[in-house]
Amino acid sequence: MTSIITNNAALAALSTLRDVGTRLGTEQDRISTGLRVATASDNAAYWSISTTMRSETKSMAAVTDSIGLAKGIVDVAYTAMETVHKSFVEIRNLAITASGMPQPEFKNLIIGGYDLDEYYGKSQVADIERQMQQLQDQARDAMVSASFSGVNLLYNPKGQPEKASQRTYSFVIGYGEAKVQTIDVKAIDLLLLNDDSGYPKTSPWDYNPEEALFDQADVVMTPGSVVPALVTWYNIIATNPVTGVPEAYDVHPSFPLMNLENNIARDGGDRAGLYSNFVDTLEKKIQGVADRMSYLGSIQSSLEAHEELNKRRIETVTQGVGLLVDADMNEASTRLKALQTQQQLATQGLQIANASPDSILQLFR
């Protein structure tokens, strides 16, 4: 039936052209975005899954950044510990050398505070001690400067909001099931020097939870004498005259060898045995640093393993999201070409359908 009111052929051709245009627009969007599921209307299930997975990759990326920060903190601390370890190995070697030097004389056997004795200062042992002090300073500088992003695992200054024994460092290593996963490290387990190590005690032998490896004085027994020698490295504990609270006070220089030699000159005993015990004390210090380096090394290995695992998780999730929502560009470009051809044909078909009513005019001629 031919009608001048309704052109069914043109309507059919127009519907075909509209359908082709819609599909062509969809393919152009896929090519421009690279996604076959860009919005929830494209595929609600895939869009929901991919959105959740993308959110997880963002949290994992944040974890990677946190691990990088933790690695920086730990690496700086480890490098500083290497310096401390080397310094005290040299100090031990110098102590062995000093033990073979002539015994120095003292002008004043009762040394007040940490003042250099005039006669002792001219001795060969004092020359060795000056080298030792330089190494002590080098080790302290390494501890104090071992800070990264405001965190120092080796040194605790005064005036902190919480005691070192109460502080825990939590290094983020992962995220899953809506929970942050961490490695927790007690500050006191790695601390080498605590300028806030003052702690009230009823006797000198009471346990001090704030004491780090190089805090306070080491007791060195003197064979043949009932009086031990006291060796200080960086801090001494004294009562604050105002508050009455024990506080750590910096001692520089600390003259460990002068204290040993003065002990022998004042109270007698076996000098070689005292030096042997002092070297043994130094060996324990060196081993203490080595133990902390080993602990730090295990943390470094754990952080590296979790960083690699997290990167692989990000890659896996990203690949999974891609399989769900990414467009196959080869297929999309081929389909786009075909739809462009269909659009041209549909346009021509519409033109033919629109021209068919012209045949009706022939009836009126």
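**Figure 1. The loop between β1 and β2, with Ser149.** Ser149 is found in the loop between β1 (147-148) and β2 (151-152) of this predicted model. Its phi is near 55 degrees, a positive value in a residue other than glycine. Ser149 is exposed, with a relative accessible area of 55%, which lies over the 50% cut-off for that class.

**Figure 2. The loop between β10 and α5, with Pro253 and Phe255.** Pro253 has its place in the loop between β10 (246-250) and α5. The peptide bond that leads from His252 to Pro253 is cis, and its omega is near -5 degrees. Phe255 also lies in the loop between β10 and α5. For Phe255, phi is near 50 degrees, a positive value in a residue other than glycine. Phe255 is buried, with a relative accessible area of 10%; the cut-off for a buried residue is under 20%.

**Figure 3. The helix pair α5 and α6.** The axes of helix α5 (residues 256-267) and α6 come within 10 Å and cross at roughly 150 degrees. Angles over 145 degrees count as roughly antiparallel, and α5 and α6 are therefore roughly antiparallel to each other. The crossing in which α5 passes α6 is right-handed. On the side of α5, the contact is made by Pro256, Leu257, Leu260, Glu261, Asn263 and Ile264. On the side of α6, the residues in contact are Arg271, Leu274, Tyr275 and Phe278.

**Figure 4. The helix pair α2 and α3.** The axes of α2 and α3 come within 8 Å and cross at roughly 170 degrees. That angle makes α2 roughly antiparallel to α3. Residues of α2 that make the contact include Ala80, Val84, Phe88, Ile91 and Leu94. Among their counterparts in α3 are Val125, Ile128, Met132, Leu135, Ala139 and Met143.

**Figure 5. The stacked rings of Phe106 and Tyr120.** The structure holds 5 aromatic pairs. The rings of Phe106 and Tyr120 have their centres 5.5 Å apart and their planes at 15 degrees, so this pair is stacked. Phe106 and Tyr120 both lie in the loop between α2 (44-99) and α3 (124-144), so the pair ties together parts that are 14 residues apart in sequence. Phe106 is buried, and Tyr120 is buried as well.

Figure 6. The ring centres of Trp233 and Phe278 are 6.1 Å apart and the ring planes stand at 15 degrees, so the pair is stacked. Trp233 and Phe278 link distant parts of the chain, 45 residues apart. Trp233 is in the loop between β8 (229-232) and β9 (235-239), while Phe278 is in helix α6 (residues 271-325). Trp233 and Phe278 are both buried. Ring pairs link Trp233 and Phe278 with Phe88, Phe214 and Tyr234 into a cluster.

**Figure 7. Lys158 and the ring of Tyr249.** Lys158 lies over the face of Tyr249, at 4.7 Å from the ring centre.

**Figure 8. The protein chain as the setting for the close-up views.** The protein chain has 8 helices and 10 strands. Of its 365 residues, 40% count as buried. Among contacts between residues at least 6 apart in sequence, 68% join residues at least 24 apart.

Note on methods. Residues are numbered from 1 along each chain as its sequence is written. This is a predicted model: local features need pLDDT of at least 70, side-chain atom pairs count only at pLDDT 80 or more; totals for chains, interfaces and linings use all residues. Side-chain values use heavy atoms; hydrogens and water are left out. Rings of Phe, Tyr and Trp (its six-membered ring) pair if their centres lie within 6.5 Å; planes under 30 degrees apart count as stacked, over 60 as edge-to-face and the rest as tilted. Helices (H or I, at least four residues) and strands (E, at least two) are DSSP runs, numbered from the N terminus. Buried means under 20% relative accessible area, exposed over 50%, partly exposed in between (1.4 Å probe, protein chains only). A charge sits over a ring if NZ of Lys or CZ of Arg is within 6 Å of the ring centre and within 35 degrees of the ring normal. Axes are lines fitted to C-alpha atoms, for helices over the stretch in contact, and angles run from 0 to 180 degrees between N-to-C directions. Angles under 35 degrees count as roughly parallel, over 145 as roughly antiparallel, 65 to 115 as roughly perpendicular and the rest as oblique. A crossing is left-handed if the near helix is turned anticlockwise from the far one by less than a right angle, and right-handed if clockwise. Contact means heavy atoms within 4.5 Å.
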